[in-house]
Amino acid sequence: MARGRALNPESDGRRVRADGARSRQAILNAATELATVEGLDGLSIARLAEHVGMSKSGLFAHFRSKEDLQIATIDAAADMFEREVWQPGRAAPAGASRVVSVCEAFLSYLERAVFPGGCFFVAAAAELDAKAGPVRNHMRDVYSRILETLADVVREAQGLGEIDEAEDVAQLTYELDSLMLGANFAYVFFRDPAALDRARRAIRQR
């Protein structure tokens, strides 16, 4: 009789944890997509379970509450923003070209419909702006870091002499962010196919 494979509890434990991490990530990927269409506040354990074809008890194994799920979804969207916008945007040489590249990466993120409802953070910020609580606070902190990263890219270009040293970094960051917000709104809400090219021209002119 052939001997069976010896059980390795440590190896089995790692496999279970890895499977659990993949399952959690798949759930969060679905949650980010759903949130841009139906809203972050509408992202309940029951609704997400229905969307991904799992039981509510299965989801509760990953998230303790609706609030826990919402905060984890924001973090998952931030990871995706890093991959889809910051990494390709910062691949350009430091300076004014990197400022333009970051903005272009954001517009490409919209054009490629990374999320079906446009930019996750634009949608969630608009939804949560008049609300109070931990989810809004976490959203504000994450979005603030996005804006600060954009400001850092502008400062970098200014330090290299490619943006006038008299330029107000906060003002320029505000204007670039506003152009990208406007592009998101026109492209997603009005379905205007020309919106992204208009934004590209405006960003380069600015």
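Author: A cavity is a set of points, on a 1 Å grid over the protein atoms alone, where a 1.4 Å probe fits but cannot get out; lining residues have an atom within 4 Å of a point. Its volume is the space filled by probe spheres set on the points, which are joined across faces, edges and corners. The model is predicted: local features need pLDDT of at least 70, side-chain atom pairs count only at pLDDT 80 or more, and totals for chains, interfaces and linings use all residues. Residues are numbered from 1 along each chain as its sequence is written, and side-chain values use heavy atoms, without hydrogens or water.

The structure holds two cavities of 30 Å³ or more. Start with the largest. Its volume is about 150 Å³. The lining of the largest cavity has 15 residues. Nearest its centre lie Phe81, Phe106, Ile146, Asp177 and Met180.

Five helices (DSSP runs of H or I, at least four residues, numbered from the N terminus) each supply at least two residues of this lining: helix 4, helix 5, helix 6 (120-128), helix 7 (134-159) and helix 8 (169-188). Helix 7 gives the most to the lining of the largest cavity, with four residues. The lining of the largest cavity has 14 nonpolar residues (Ala, Val, Leu, Ile, Met, Phe, Trp, Tyr, Cys or Pro), one charged (Asp, Glu, Lys or Arg) and no polar (the others, Gly among them).

Now the second largest cavity. It holds about 30 Å³ of space. Ala35, Thr36, Leu40, Phe120, Ala123, Ala124 and Glu127 line it. Helix 1 (9-38) and helix 6 are the elements that give two or more residues to this lining. Helix 6 gives the most to the lining of the second largest cavity, with four residues. The lining of the second largest cavity counts five nonpolar residues, one polar and one charged.

Helix 4 (residues 66-89) and helix 5 (residues 96-111) pack at an angle of about 150°, with their axes 7 Å apart. The two helices are therefore roughly antiparallel (over 145 degrees). Helix 4 makes the contact (heavy atoms within 4.5 Å) through Phe81, Glu84, Val85, Trp86, Pro88 and Gly89. Helix 5 brings Arg98, Ser101, Val102, Ala105, Phe106 and Tyr109 to this contact. The residues of the contact divide into eight nonpolar, two polar and two charged. Phe81 and Phe106 take part in this contact, and both are among the residues nearest the centre of the largest cavity.

Key: Axes fitted to C-alpha atoms, helices over the stretch in contact; angles between N-to-C directions. Parallel < 35°, antiparallel > 145°, perpendicular 65-115°, else oblique. 1 Å grid on protein atoms, 1.4 Å probe; cavity = no way out; pocket = protein on both sides within 12 Å on 5 of 7 lines; lining within 4 Å.
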